[in-house]
Amino acid sequence: MAITDYFKISGFLQDMKSRNLSLYGQWIGITCIFLSLALGIANLFHINVVFIFGIIAIVQSPILALVEIPFLLKIFRIPDSLISFIQQLDTNWMRALFYAINAVIQWLSLTCMATSLLALAILYTINVFCYAGAAILGQEFHQSNVVATVHVSETPAEAQIRNVL
């Protein structure tokens, strides 16, 4: 089997050629999921207050995963209040605001000490520009076809999920 059988590289390339900034934002957001977890763990070992920002980065990681990969809403048991919050983030302006808040939090980590969380703050800021740019240019909010997108309203009943599993 070729590597393209495991990964939809052609779909990723289509997303990059689309010139839709919200798709770029989604891919940067997916990168932020892994970077946030890794850098959060790496910054837990600081003696000063930076470890608090490491904990915040670790908490940001699963929230980003739920926001950027909607299929996760279907397979995990999540409170309805969190699902409705995530559904509100399905516009370019709301995603820009969401990432701006995350960026400000990580930029504040520099007040304690310059650490690798700077890279996370920079990526969050780039993501703000992607989603805000898409909104300013009037581009529709799109999600990648490569990442399994599922509308939460299509979620089957809990009993049906148990039968499938």
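Q: Is Phe 98 buried or exposed?
A: Phe 98 is buried, at a relative accessible area of 10%; buried means under 20%, exposed over 50% and partly exposed in between, with a 1.4 Å probe and protein chains only. Keep in mind that the model is predicted: local features need pLDDT of at least 70, side-chain atom pairs count only at pLDDT 80 or more, and totals for chains, interfaces and linings use all residues. Residues are numbered from 1 along each chain as its sequence is written, and side-chain values use heavy atoms, without hydrogens and water.

Q: And Phe 85?
A: Phe 85 is partly exposed, with a relative accessible area of 34%.

Q: How many aromatic pairs does the whole structure have?
A: A search finds four, where rings of Phe, Tyr and Trp (its six-membered ring) pair if their centres lie within 6.5 Å; planes under 30 degrees apart are stacked, over 60 edge-to-face and the rest tilted. Phe 85 and Phe 98 make an edge-to-face one, 6.5 Å centre to centre with 65 degrees between the planes.

Q: Which helices does that pair tie together?
A: Phe 85 sits in helix 6 (residues 80-88) and Phe 98 in helix 7 (residues 92-108), so the pair joins parts 13 residues apart in sequence. Helices here are DSSP runs of H or I, at least four residues, and strands are E runs of at least two, numbered from the N terminus.

Q: Switching topic, how many helices and strands are there?
A: Nine helices and zero strands.

Q: Which residues do ring pairs link into a cluster?
A: Phe 85, Phe 98, Tyr 99, Tyr 124 and Tyr 131. Of these, Tyr 99 and Tyr 131 are both buried.
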